[in-house]
Amino acid sequence: MNEKALHTLEYDKIIEKLVGYAVSPMAKERAAALRPSAAMSDIIIWQEETTEATTMVLKKGTPSFGGFREIRPQLKRASMAGILSIAELMSVGEFAYVCRKVKNYARKENKDEVYARLDEYFDLITPLDKLENEISRCILSETEVADDASAGLRSVRREIKASNERVKEHLNGVINSSAYRNMLQDFVITIRNDRYCVPVKAEYRSSFPGMIHDQSNTGSTLFMEPLSVIQLNNKIKELQAKEKEEIEKILIALSDMVTANAFAIEGNLELLTQLDFIFAKANLSLAMDGTQPLFNTKGYINIHKGRHPLLDPKKVVPTDIYLGKEFTTLMITGPNTGGKTVALKTLGLFTLMGQAGLHIPAFDNSQLAVFDNVFASIGDEQSIEQSLSTFSAHMTNIVKIMDEVTDDSLVLFDELGAGTDPTEGAALAVAIIQALLERKIRTAVTTHYSELKVFALTTEGVENACCEFDVETLRPTYRLLIGIPGKSNAFAISKRLGLQEYILSAAKEFISRDEARFEDVITDLEISKKSVKFEQERAEEYRREAEELKKEVERQKEKTREQKEKILAKAREDAKQLYVQAKEEADRIIKEMNKQAKEANNRTKVLEQRQKLNEKLSSMQQDFLKSKKVKSNHKAPENLKPGDRVYVISFDQNGEVLTAPDKNKEVMVQMGIMKMKVPMAELMLDDTPRPKEKQKRQQPTKAKFSKSQFISAEIDCRGQLVDEAIANIDKYIDDAYLSGLKQVVIIHGKGTGALRAGVQNYLKMNSHVKSYRPGTFGEGEAGVTVVELK
């Protein structure tokens, strides 16, 4: 594709936006290198990928690629038997985590959800759960390996901790000893050269038994290691060296795991890079409200309501552009700043974006053609270094275009023939357009020359167009009107700006009658086109509104039907369950009665009663399984209000109205334990007297008091498994909440921290918990969690 045209049409700025939506460095690199393709197969695949990704983003949101970094150097070093550092292994672990997240993102919510292009990428991602879990288990941060990474490391660190405690005990003895009290500068323990020391006054250097490791800036204080702890410090140094050996063993084992999974990691790296790149295209499409264009190889372009993607979306005016079917050359005329160049750039930029697999900001079903190249000569290309005038620079570019253009190219000329004598410039422009027209090359040209307007009117295959201009407001509307040549509007604009009438009259004398008549014809055409366009738009708007209303009515009808069917189906199922339960209970009671019946006469009577009960239950079953229909001879009640007693015909149940009728003439009715919305047409007023409710004895204060007598303000879960502890805590918090306690303490101990983490995760989801915090000094610190209840 022509690189100069890419820059001229500002394709590079679109790519900058695309790069901004990519997450990983690899995807950003791929986005920056994106270029339009001339192969229809590639374009279709790229467009479908973008469309599927856009659909997924709208349904599920954008997949998380956070933590996805470049790890190919780590893979290469691991494959060469190198040992990866803690930070490098952590990067690999984060990558494995991203693989899992993206794999889970693609899980189908229903069987009908199919993404033909993207499913292949998601399916090929290899899970790296074992590698991720092992790295996560062994590495806590970019500088720290977990104690439980290996038994050897845990043992060494336990010994180091014990040795440190012994050293501190010895040094505390030295500090508190009356024999050394006067020799010490301060009663603290410090570390110098990784060894525990105490600060000794310089004058006691020979009296204090120990080794000097450092001194203060003034020289008045010496940091000495007492002889009693030298052996212990030496042991700590040995243990620290052993700790490094154990960590190195762990890193070697993890590096070997990375090497073993190198093939899968490399495959996932390529897949995630491609997915990151595709979803960047999808997010760009959503940001500019883009759609997938339809492509053809016949050179036909038809853009509906296209908006230049680099202009302010709140101010840009959508425009329709079509070319290549009834005519191959489009001649755009009109005043300066009227939008001619924007229309030209929109046409070229949409072509480049579409062939690069990007959506275009236009209405659905816009059509683009596949071109092998796009050429553009737009803007002021004057070159001071080459001492070329504006005309010379344009012509240099045009000469190059005419040499390289093919029958399957798109050519865009802005102000063709400008910068020289108007007569010669117009003749040259006509000749260039004629040469392209003979080869049926798709061409769009902007111009001011009236000669080119006449050429377009009289030449088959060339069509006039203009950018609409409102003379009353002296402002362009930026709408492209195809089929009408534009006017310069110089006289009208000058008059509106206040130019004297005698000057305008003199100017008009210099225009021939034919030229004036031609301008009048243009004016009439423009007015007629404007009127027709307005009426068409109004008719289209009314049609769309009618279609939307029809669809909304259909949706509401379907929704109502589905709700009714669900309610009836559920009611029948509930009734069936009640029948089955009643029958089972009756059979159980009858069997029990049979066992207890000792006399033959009693047994006979029992069997007779059982037979009657079975017949009655069978009758109930038939009644339950029959679908109830609304009686046609009843009148729906009016002025229903909450509290009214009603009879629900479709369920053969009495109930109580909970809400006033809504706009759909439905009310919420409670029938026993079941609440549901019922149409008023299915209700009848229930005139039967309501039974008097027994007055409930209210003893909340007494119950609360008796509860709080036995509830403790703390619960001890030490030694319990996480699930066991959470079950106990759940019941305890319920009791504490009912007892009116505002603050309780959960004792879980410090340990490995697993129980603490499990408890605090549970507290996040408990509805009775207002807040929680670790214990402070005196409360148990990290061994307890203080909970504030609502």
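Five strands form an open, antiparallel sheet in the order β20-β19-β18-β17-β21. Strands here are DSSP runs of E of at least two residues, helices are runs of H or I of at least four residues, and both are numbered from the N terminus. Two strands count as paired if DSSP finds at least two bridges between them. Because β20 (674-679) and β21 (683-685) stand at the edges with a single partner strand each, one side of each has no neighbour in the sheet. From one strand to the next the twist averages 45°. Axes are lines fitted to C-alpha atoms, for helices over the stretch in contact, and angles between N-to-C directions run from 0 to 180 degrees.

This is a predicted model, in which local features need pLDDT of at least 70, side-chain atom pairs count only at pLDDT 80 or more, and totals for chains, interfaces and linings use all residues. Residues are numbered from 1 along each chain as its sequence is written, and side-chain values use heavy atoms, leaving out hydrogens and water.

A second open sheet has four strands, in the order β3-β4-β6-β5, with antiparallel pairing. Its edges are β3 (190-192) and β5 (210-215), each with a single partner strand, so one side of each is left without a neighbour in the sheet. Neighbouring strands are turned by 50° against each other on average, direction ignored.

| Strand pair | Bridges | Opposite residues |
|---|---|---|
| β19 (residues 666-671) and β20 | six bridges | Met668 and Lys677 |

Helix α9 (residues 151-176) lies across β4 and β6, at about 10° to β4. Helix α10 (residues 227-260) lies across β4, β5 and β6 and runs at about 75° to β6. Contact means heavy atoms within 4.5 Å.
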